[in-house]
Amino acid sequence: MLRHDQRLADMADGNSVSESTVRRWRDELITLLAAQAPRLDRALRKVAKRGGEVVLIDGTLIRTQRRTGKADRRNYSGKHRCHGLHFLALTDENGRLIWISAAWPGRTHDNTAARHDHVLAHLRAAGLGALADLGFRGLDNDILDPVIVTGYTAGSTHKLTPGQKDANRVLAVGRAPVEHGFAHLKNWRTLTKLRTDPARATQLLRALLVLTNLEVNR
């Protein structure tokens with residue numbers, strides 16, 4: 001159902017049950033799976049316990065059907081030029097998803113979501129660092145002992161030095177696995193364009209995280 005985004009009516013007909021029964025089964029399954037998704041603090045402690053030193057952090061937009069009314073305006077992402085819901089996710093160094101945030105309106109900035117979930121404080125508590133893209137600049141302002149590394153940007157009055165360009169290339173290589181983590185998650189066709197209520201999207205994404213990791217670890 002979730003993998004191929006099958007219609008509830010088709011599944012109901014194929015199993016000689018009502019559409020409402022299939023919907024109830026689906027919702028119960030999602031609720032049970034979502035409850036197994038790790039909390040942020042526990043996920044980070046687990047990485048540290050295994051000897052990990054850094055995690056990868058990134059945000060992604062899951063497209064949704066456009067809804068009418070002013071309430072849906074905040075779900076429009078100017079960056080992606082479409083409606084959707086914003087999620088933060090953490091992976092380990094190999095790109096394995098370890099945590100996903102609650103759903104945010106599509107226009108939400110990465111730093112806003114990260115501050116709400118106290119990502120920086122949880123990283124410090126676990127003794128871990130994080131590699132991030134430039135969207136997270138300003139989240140960690142500790143110059144002497146930074147936890148979140150975001151690379152360098154050129155300004156209107158200065159260019160990047162060769163050393164800064166090299167550092168950015170190294171960071172890009174280190175961050176590459178996070179895209180693999182998102183790719184595994186987005187293989188679920190139900191995420192092609194969410195039709196579920198945005199209020200239930202958090203449970204759905206966390207349930208898919210659990211299922212994704214079960215598949216990856218087989």
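**Close-up 1. Contact of helices H3 and H5 in the predicted model.** Leu40, Asp41, Leu44, Arg45 and Ala48 of H3 are in contact with Val119, His122, Leu123 and Ala126 of H5. Six of the residues in this contact are nonpolar, one is polar and two are charged. H3 spans residues 40–49 and H5 spans residues 119–126. The two helices pack at an angle of about 35 degrees, and their axes lie 9 Å apart. Their crossing is right-handed.

**Close-up 2. Strand S1 with strands S3 and S6.** S1 covers residues 54–63, and seven of its ten residues are buried. With S3 (residues 82–91), S1 forms an antiparallel pair over eight bridges. Within this pair, isoleucine 57 has leucine 90 of S3 as its bridge partner. S1 and S6 (residues 129–131) run parallel and are joined by three bridges. Here valine 54 stands opposite glycine 129 of S6.

**Close-up 3. The largest nonpolar core.** This core has 27 residues. The residues with the most contacts inside it are Phe87, Ile100, Leu185, Leu191, Leu194, Leu205 and Leu208. Two or more residues each come from helix H2 (19–34), S1, S3, strand S4 (97–100), helix H6 (162–186) and helix H7 (198–216). H7 gives the largest share, eight residues. Another core, of 24 residues, lies apart from this one and includes Val47, Trp99, Ala132 and Ile148.

**Close-up 4. Surroundings of leucine 194.** Neighbours within four places in sequence are left aside in this view. Leucine 194 is then in contact with Ile62, Arg63, Thr64, Gln65, Leu85, Ala201 and Leu204.

Technical notes. Residues are numbered from 1 along each chain as its sequence is written. This is a predicted model: local features need pLDDT of at least 70, side-chain atom pairs count only at pLDDT 80 or more; totals for chains, interfaces and linings use all residues. Side-chain values use heavy atoms; hydrogens and water are left out. Axes are lines fitted to C-alpha atoms, for helices over the stretch in contact, and angles run from 0 to 180 degrees between N-to-C directions. Helices (H or I, at least four residues) and strands (E, at least two) are DSSP runs, numbered from the N terminus. A crossing is left-handed if the near helix is turned anticlockwise from the far one by less than a right angle, and right-handed if clockwise. Contact means heavy atoms within 4.5 Å. Ala, Val, Leu, Ile, Met, Phe, Trp, Tyr, Cys and Pro count as nonpolar, Asp, Glu, Lys and Arg as charged, and the others, Gly among them, as polar. Buried means under 20% relative accessible area, exposed over 50%, partly exposed in between (1.4 Å probe, protein chains only). Two strands pair if DSSP finds at least two bridges between them. A nonpolar core is a set of buried Ala, Val, Leu, Ile, Met, Phe, Trp, Tyr and Cys residues joined through side-chain atoms within 4.5 Å.
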